[in-house]
Amino acid sequence: MKTLKLLFITILFCLIAPFCIGGAKSTTSAENLSVSTPKMSIVIDDFGSYEQSGVEKLLSVNVPLTCAIIPHVDNSESNFKEISEHGHEVILHMPMESHVKLPENWYGPVYIKNSDSPEMAKQKLEECLKEMPSVKGFNFHIGSGVSQNKTLMKAIYEFATEHELYFLDSKTIETTATVDACKETGSIYLGRDIFLEANKNRSYGGVCKRLLEGAKIAKEKGYSIVIGHVGAEGGENTAKAICDTIEEIQKMGIEIVPLSEIYEQLKVCSSNNNNIK
Ligand SMILES: [Zn+2]
């Protein structure tokens, strides 16, 4: 019986290992299984804002996108409805304070401040989620100050676990405390690989190039997460670039999936690794 159990665990590990360790380079038959198909998530930030350029085009894309909505702003409610109707995944785009002073209206009416207590941060998240029931996860809008604060980031990961949500680290600053906070709370780490409009380059060609970079990372690592924007940060160019590049990404053998799918897969890998230890 013990031998059988060991055999089962070994087979299971072989099947999911290419995704877990990101090394789908060896040519085993397991590569043909969907579990080892490289996956890429395209997250689109800044839904909800009054600036709606690119929204219509993106919602009609026929691959699942992951759409992040700023809470309590002009179009939060209407975008939530539209995104859900089109079958894309919705996440909360929680405004969190920058490390530099920014105009209040860049955040919206509710945002986590650098000076908030962990309890206050959790309360604000709770409040914003009420507007968007059934979301699968959240990431942050701005957030370069809060993400350097380990106490707050630990509270954010705790909140995610308590509410069975995933948290995506958008990595808006280099010196982030998210990885440490994630480890210390025993959470699953999801981090952005590419910003589609990096260095404020919002050109059509630039976004296409970065989408393909994201696809390459997915091939190497087993998965990748790219973030683009609707509205002023990206808008129509980003939407058109995504529409025009999807086919090429798929031809590279990459599946575009909602972020929750990558999260669930990483969870399986993590518990499998723990079992093997
Ligand atoms: Zn944002």
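Reply: Start with burial. A residue is buried if 20 or more other C-beta atoms lie within 10 Å of its own, exposed if 12 or fewer, and partly exposed in between, with C-beta atoms placed from the backbone. Helices (H or I, at least four residues) and strands (E, at least two) are DSSP runs, numbered from the N terminus.

Two notes on the source. The model is predicted: local features need pLDDT of at least 70, side-chain atom pairs count only at pLDDT 80 or more, and totals for chains, interfaces and linings use all residues. Residue numbers run from 1 along each chain as its sequence is written.

The part I pick is helix H3, residues 76–85. Its buried residues are Ser76, Asn79, Phe80 and Ile83. Viewed down the axis of H3, these fall within an arc of 105°, so they line one face of the helix. The arc is taken over the directions from the helix axis to the C-beta atoms. On the face turned away from that buried side sit the exposed residues Lys81 and Glu85.

What covers the buried side? Strand E1 (39–47), helix H2 (55–59), strand E2 (66–69), strand E3 (89–96) and helix H4 (118–131) are included in the cover. That rests on contacts: two residues are in contact if their C-beta atoms, placed from the backbone, lie within 7 Å.

Next, the ends of the helix. His72 lies in the loop between E2 and H3. Its phi is positive, near 55°, and it is not a glycine. Most residues other than glycine have a negative phi. His72 counts as partly exposed because it has 17 C-beta neighbours inside 10 Å. After H3 comes Gly87, with a positive phi near 80°.

Now the fold around the helix. E2, H3 and E3 form a right-handed β-α-β unit. Right-handed here means that, with the strands pointing away from the viewer, the path from the first strand over the helix to the second runs clockwise. E2 and E3 pair in the parallel sense over 4 bridges. Two strands pair if DSSP finds at least two bridges between them. In this pairing Ile69 stands opposite Leu92 of E3.

E2 is covered on both faces. Thr66 and Ala68 are buried on one side, Cys67 and Ile69 on the other. In a regular strand the side chains alternate between the two faces of the sheet.

Ile69 ties several of these pieces together. Leaving aside neighbours within four places in sequence, Ile69 is in contact with Phe47, Gly48, Ser76, Asn79, Phe80, Val90, Leu92, His93 and Met132.

Val43 stands opposite Thr66 in E2, and Ile44 stands opposite Cys67. E1 itself is mostly covered, with 9 of its 9 residues buried.

With strand E8 (residues 223–229) it pairs in the parallel sense over 7 bridges. With strand E9 (residues 255–256) it is joined by 2 bridges, again parallel. Lys39 takes part in both pairings: its bridge partner in E8 is Tyr223, and in E9 it is Glu255.

A nonpolar core is a set of buried Ala, Val, Leu, Ile, Met, Phe, Trp, Tyr and Cys residues joined through C-beta atoms within 7 Å. The largest one has 69 residues. Those with the most contacts inside it are Met40, Val43, Ile44, Ile69, Ile156 and Val226. Helix H5 (residues 150–162) gives this core its largest share, 7 residues. In soluble globular proteins, nonpolar side chains tend to be buried together.

Last, the whole chain for scale. The chain has 9 helices and 9 strands. Of its 277 residues, 44% count as buried. Among contacts between residues at least 6 apart in sequence, 74% join residues at least 24 apart.
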